Amino acid sequence: MCWSATADLVAGTAVAAVGAACVARTRHARDLPLAALPLLLGAHQLVEARVWHTGGGTGPATLAWAVIALPLLAVWVPVAVWCAVPDRVRRRLLLPLASGAVTAAFLAHALATRTVRAEIRGHTVGYVLGLPHPPLLVAGYLVATIGAFLLSGDRVLVLLGLLVAVGALVCGALWRLEFVSTWCALAAVCSVVVWAWVGRRSPAAVAV
């Protein structure tokens, strides 16, 4: 995240607490993966706080951060949305699911065969991995994550998708080299919208 380890620590703790509350509040097993998203993203920010404390580099915290940010989220988000939506909506999520699976496979292979390095750049953190065909991978990643929310048919999830999409544009414009870090931080903050989604869920809302 921008600014400092303290900012990551505070934001991560707050978002993770919201995520834990979302999980505890969830009434349907099929909603659990999506309800747990703020918990995962909050923990992700706590991992980056550790990256700050170690001064970046190629240590375990850097690798853990990259695994969550890259292949895991590319799969987690579309699968979580697919689980939560009614059966009649699932067909439209096939594109984000496929995009996430393919993108995650390439990203996982890159992490297994290359060394990811974190660089402290003033008030941001940049992650260097040397990915092949980065524009294609970024496009596939955004289709999987943002696309899943936008195609969900749920007003709250569509709002979350729009917020994250705007965040991607802003982070890409302002912090091109630190895009992944800054966008993940913004996505973590936006994910607290899941609290509203969990709260409005009812047996009728998840009827097939």
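The accessible surface of the chain comes to about 9500 Å², and 72% of that area belongs to carbon and sulfur atoms. Such areas come from the Shrake-Rupley method with a 1.4 Å probe; for residues, only the protein chains shown count as cover. This is a predicted model: local features need pLDDT of at least 70, side-chain atom pairs count only at pLDDT 80 or more, and totals for chains, interfaces and linings use all residues. Residues are numbered from 1 along each chain as its sequence is written, and side-chain values use heavy atoms, with hydrogens and water left out.

## The whole chain

The chain has nine helices and two strands. Helices (H or I, at least four residues) and strands (E, at least two) are DSSP runs, numbered from the N terminus. In sequence order the pattern reads α-α-α-α-α-β-β-α-α-α-α. The radius of gyration is 16 Å, close to the 17 Å of the globule rule for 208 residues, so the chain is as compact as a globular protein of that length. That radius is taken over C-alpha atoms, and the rule is 2.2 Å times the number of residues to the power 0.38. Along its principal axes, the C-alpha trace spans about 50 × 35 × 30 Å.

Of the 208 residues, 49% count as buried. Buried means under 20% relative accessible area, exposed means over 50%, and partly exposed lies in between (1.4 Å probe, protein chains only). Contact means heavy atoms within 4.5 Å. Among contacts between residues at least 6 apart in sequence, 74% join residues at least 24 apart.

Now the charges. The chain carries 15 positive and 7 negative side chains. The centres of the two sets lie 8 Å apart. Lys and Arg count as positive, Asp and Glu as negative; His and the chain ends are not counted. The place of a charge is NZ of Lys, CZ of Arg, CG of Asp or CD of Glu.

T145 sits in helix α6, residues 134–150. T145 counts as buried because its relative accessibility is 5%. Leaving out residues up to four places away in sequence, T145 touches L73, A74, V77 and W183. Its side chain also reaches the backbone oxygen of Y141 at 2.8 Å.

A144 belongs to helix α6 too. Its relative accessibility is 0%, so A144 counts as buried. With residues up to four places away set aside, A144 touches A74, V77, P78, P96, S99 and G100. A144 and V75 are 69 residues apart in sequence, but their C-alpha atoms are 7.5 Å apart in space.

## Two arginines in a loop

R90 lies in the loop between α4 (60–84) and α5 (94–113). R90 counts as buried because its relative accessibility is 17%. Its contacts, leaving aside neighbours within four places in sequence, are R30, W82, C83 and V85.

R92 is also in the loop between α4 and α5. At 43% relative accessibility, R92 counts as partly exposed. R92 touches L151, S152 and G153, not counting residues up to four places away in sequence. R92 and V166 are 74 residues apart in sequence and 22 Å apart in space, C-alpha to C-alpha.

| Side chain | Backbone oxygen reached | Distance |
|---|---|---|
| R90 | W82 | 2.9 Å |
| R90 | C83 | 3.2 Å |
| R92 | L151 | 3.4 Å |

H133 is in the loop between β2 (124–128) and α6. Its phi is near 50°, a positive value in a residue other than glycine. H133 counts as exposed because its relative accessibility is 58%.

V180 is found in helix α8, residues 179–190. At 30% relative accessibility, V180 counts as partly exposed. Apart from neighbours within four places in sequence, V180 is in contact with W65, A69 and L70. V180 and L70 are 110 residues apart along the chain, and 8.7 Å separates their C-alpha atoms.

Notes
A polar contact is a pair of N or O atoms within 3.5 Å; within protein, one must be able to donate a hydrogen and the other to accept it, and residues adjacent in sequence count only if both atoms are side-chain atoms.
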